[in-house]
Protein chains: 2
Amino acid sequence: MLDRDQCLALDAEDPLREFRHEFVLPDGVIYLVGNSLGALPRRTAERVRRTVEDEWGRQLVGGWNHAGWYEQPLTTGDRIAPLIGAGPGQVVVGNTTSIAVYQAVAAALRLRPERRVIVSDLRNFPTDHYIVQGLAGLLGGYELRDLSEGSFEDAAVVLLSEVDYRTGARADVPAVTAAAHAAGALIVWDVCHSVGAMEVDVSAADFAVGCTYKYLNAGPGAPAFLYVNPRHHAAAENVLSGWHGHAEPFAFEADYRPAEGVRRFAVSTPHVLSFAALEAALDVWERVPMAQVRAKSMALGELFVELVGDRLELASPADPAARGSQISLRHPDGYPVMRALIDRGVHGDFRAPDVLRFGFAPLYIGYADVYDAATTLLEVLDKELWRDDKYATRLAVT
Amino acid sequence: MLDRDQCLALDAEDPLREFRHEFVLPDGVIYLVGNSLGALPRRTAERVRRTVEDEWGRQLVGGWNHAGWYEQPLTTGDRIAPLIGAGPGQVVVGNTTSIAVYQAVAAALRLRPERRVIVSDLRNFPTDHYIVQGLAGLLGGYELRDLSEGSFEDAAVVLLSEVDYRTGARADVPAVTAAAHAAGALIVWDVCHSVGAMEVDVSAADFAVGCTYKYLNAGPGAPAFLYVNPRHHAAAENVLSGWHGHAEPFAFEADYRPAEGVRRFAVSTPHVLSFAALEAALDVWERVPMAQVRAKSMALGELFVELVGDRLELASPADPAARGSQISLRHPDGYPVMRALIDRGVHGDFRAPDVLRFGFAPLYIGYADVYDAATTLLEVLDKELWRDDKYATRLAVT
């Protein structure tokens with residue numbers, strides 16, 4: 001078992017150590033919620049200020065041409081592409097993950113009109129189910145089948161997450177993709193909990209969706225992305241057929257006519273201020289060696305698991321290779337335990353009914369942080385500090 | 001005909017004159033595109049900085065609770081409500097107008113399952129058609145009928161714009177709403193081109209949608225809003241059934257269960273940085289007497305029409321009461337004419353095939369601005385300044 005000095009030594013020789021200075025983090029906080037909302041990159045404030053004051057303020061509506069706003073869904077898509085194993089012209093950015101799921105699943109159903117089964121996974125983040133339920137309810141005649149039933153037979157589309165939001169369990173993307181295709185189904189991967197934490201490769205998938213506000217650090221409510229495999233660019237339909245996906249949006253034609261390529265999956269006016277923060281975040285990622293991120297992520301997780309020992313049940317897989325970049329632990333009073341921990345500067349989060357989540361964002365979390373977090377957790381448990389009444393009150397967002 | 005000194009005198013006695021100081025406008029520019037992208041309110045930069053640095057940077061994921069991010073779709077909705085004749089708990093903010101149109105029309109179709117006709121208007125902004133075409137194509141079996149055919153018979157839903165984006169013509173909202181209802185149809189009003197320019201009242205409608213980046217000045221790609229009449233709150237379904245519309249999003253239940261009230265039309269994570277700019281914009285609107293805005297808007301438009309005289313064909317209605325807050329003029333070479341005008345500091349825009357648009361945002365445009373804009377336009381025409389080759393090249397966004 002490593003002691004704190006050994007952890008500090010690991011931090012000193014960490015090849016990613018300089019990235020810590022790229023982020024603003026409050027004093028006295030060990031922030032282990034980068035799997036939910038990434039930390040603020042130091043360069044973001046100036047980039048957003050520039051968009052507000054120099055672009056909007058001075059160029060006004062001309063910003064659509066001169067500041068590149070109109071092209072942002074594609075230019076940022078091309079910058080996200082290398083993070084998910086995709087190429088240029090294959091990723092469009094905008095809206096939210098829920099909306100991207102809707103677009104991807106609806107497009108897949110249109111590509112497999114003879115099939116009537118949608119496979120999802122109860123372990124997906126719930127909005128993925130909810131969106132599929134809404135779409136299936138609108139269309140009628142579809143069977144929703146859970147992955148636990150074990151079969152892709154007759155499936156039109158399979159919607160799965162690369163990393164389980166609750167446990168951090170990582171799916172075998174190549175194997176499951178191949179199995180879906182062998183059954184004649186299309187597959188949509190949700191990479192919200194893997195992108196920016198490991199080398200992601202969705203290039204064999206039909207569609208992929210993800211958010212940019214977790215490990216990518218693009219800020220609260222940052223735009224989502226949608227990958228469409230080039231083999232579907234000609235035939236796939238965007239059922240949210242807004243004007244920015246039109247072949248000539250500024251011709252103001254009466255009828256929708258889809259743009260070529262992934263642009264047809266753009267919907268409408270991009271949220272430009274949120275894109276500014278995304279651009280700043282991507283500036284950081286262009287210099288990040290993802291293999292080092294994954295190696296450090298696994299090392300940080302293992303260190304945390306070892307330090308906590310058998311004091312709490314591990315909800316995550318025991319094998320680091322089978323996990324994302326989070327460690328989930330179970331405790332029947334998980335909510336007040338997490339509140340007590342946050343009160344002591346260690347920020348994780350809670351997922352009902354009993355999961356404590358600790359996300360390790362390797363760009364700004366170090367070995368000594370993990371040591372201190374585990375030590376504080378053990379103290380909260382050993383001294384039963386979580387039993388204080390003030391930790392029982394539920395906040396709106398947990 | 002007023003001369004420039006008389007215009008300056010009108011500006012000096014304008015009851016809205018102090019609002020001009022609330023906006024940042026570049027020197028040497030007369031900005032008549034507030035009907036497309038509103039100008040930057042002076043307070044916005046600091047409000048956005050606060051969200052980036054103080055909220056995201058310091059509160060991190062805690063901002064969802066402590067900075068009010070989670071509630072923003074409803075808190076900003078309650079602040080927009082008075083601008084459209086709605087009450088608290090009737091408006092939800094987020095996403096884009098195109099997506100709000102999709103939600104509203106889909107919900108209306110579900111409320112009128114026995115009907116198979118959707119009435120739209122070729123004069124609507126094209127994305128409204130495109131979205132309806134995509135939805136009808138997905139569902140199958142619907143007839144799309146243009147308003148010009150003159151009948152609401154058998155219509156499930158009627159989708160119309162209060163103000164025509166191209167000509168500025170204003171619809172008779174109470175009369176058309178009553179006619180739609182008399183035919184048993186539901187009605188969705190798009191108020192993108194009227195909200196913030198006049199007293200809007202959608203309270204008799206079933207749904208209304210609008211954007212906040214035009215007269216409301218919330219910035220490029222600012223979130224859209226969706227009004228749902230309370231009589232539909234119990235039965236209306238959000239087909240984009242994302243987790244933020246769930247009754248208990250943080251219970252992470254397997255099945256979608258809609259929230260009470262308009263919250264069920266929330267979809268997913270709000271674009272928080274864009275909401276910050278919206279909040280700053282709404283701070284201004286709380287002090288604005290809308291009747292004065294409308295009176296000044298009509299006076300500015302009339303002044304412009306009088307000054308231009310019969311030099312160009314008026315595409316807008318001649319009666320100021322039948323217009324929104326823009327004047328549209330036709331010219332066969334409208335594109336280079338507008339480019340030449342912009343080159344001389346008068347910013348309007350062009351809409352294919354031949355329309356020059358001039359928007360008058362009464363909070364920051366004055367009578368002398370209108371005088372100078374009209375004078376410059378006449379000079380561009382009289383001296384044929386627009387024939388310079390440099391004005392022929394098309395920009396991506398026109």
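Helices (H or I, at least four residues) and strands (E, at least two) here are DSSP runs, numbered from the N terminus. With that in hand, Tyr213(A) sits in the loop between strand E9 (207-210) and strand E10 (225-228) of chain A. Keep in mind that this is a predicted model.

**The A/B interface**
- Chain B puts 83 residues in contact with 83 residues of chain A.
- Together the two chains bury about 7,100 Å², and 70% of that is on carbon and sulfur atoms.
- Trp56(B), Tyr130(B) and Phe252(B) supply 12% of the area chain B buries against chain A, more than any other three residues.
- You'll find 0 salt bridges between chain B and chain A, but 36 residue pairs are in polar contact across their interface.
- Several elements of chain B each supply at least two residues to the side touching chain A, including helix H2 (44-59) and helix H5 (97-111).
- H6(B) gives the most to that side, with 11 residues.
- The chain B side splits into 51 nonpolar, 25 polar and 7 charged residues.

**Annotated binding site**
- An unreviewed UniProt entry carries a "binding site" annotation on chain A, covering among others Thr97(A), Asp190(A), Thr127(A) and Tyr213(A).
- The annotated residues span 173 residues in sequence and their farthest two C-alpha atoms are 30.4 Å apart, so they don't all gather at one spot.

**Two of those residues**
- Thr127(A) is in helix H6 (residues 126-139) of chain A, and is buried because its relative accessible area, 4%, is under 20%.
- Leaving out residues up to four places away in sequence, Thr127(A) touches Ser98(A), Gly242(B) and Trp243(B).
- Tyr213(A) is buried too, at 13% relative accessible area.

Notes
Residues are numbered from 1 along each chain as its sequence is written. Chains are lettered from A and ligands numbered from 1 in the order in which they are written. This is a predicted model: local features need pLDDT of at least 70, side-chain atom pairs count only at pLDDT 80 or more; totals for chains, interfaces and linings use all residues. Side-chain values use heavy atoms; hydrogens and water are left out. Contact means heavy atoms within 4.5 Å. Buried area is the accessible area (1.4 Å probe) that two parts lose on being put together, summed over both. A salt bridge is a side-chain nitrogen of Lys or Arg within 4 Å of a carboxyl oxygen of Asp or Glu. A polar contact is a pair of N or O atoms within 3.5 Å; within protein, one must be able to donate a hydrogen and the other to accept it, and residues adjacent in sequence count only if both atoms are side-chain atoms. Ala, Val, Leu, Ile, Met, Phe, Trp, Tyr, Cys and Pro count as nonpolar, Asp, Glu, Lys and Arg as charged, and the others, Gly among them, as polar. UniProt positions are given in the numbering used here, feature names are shortened, and annotations may be inferred rather than shown by experiment. Buried means under 20% relative accessible area, exposed over 50%, partly exposed in between (1.4 Å probe, protein chains only).
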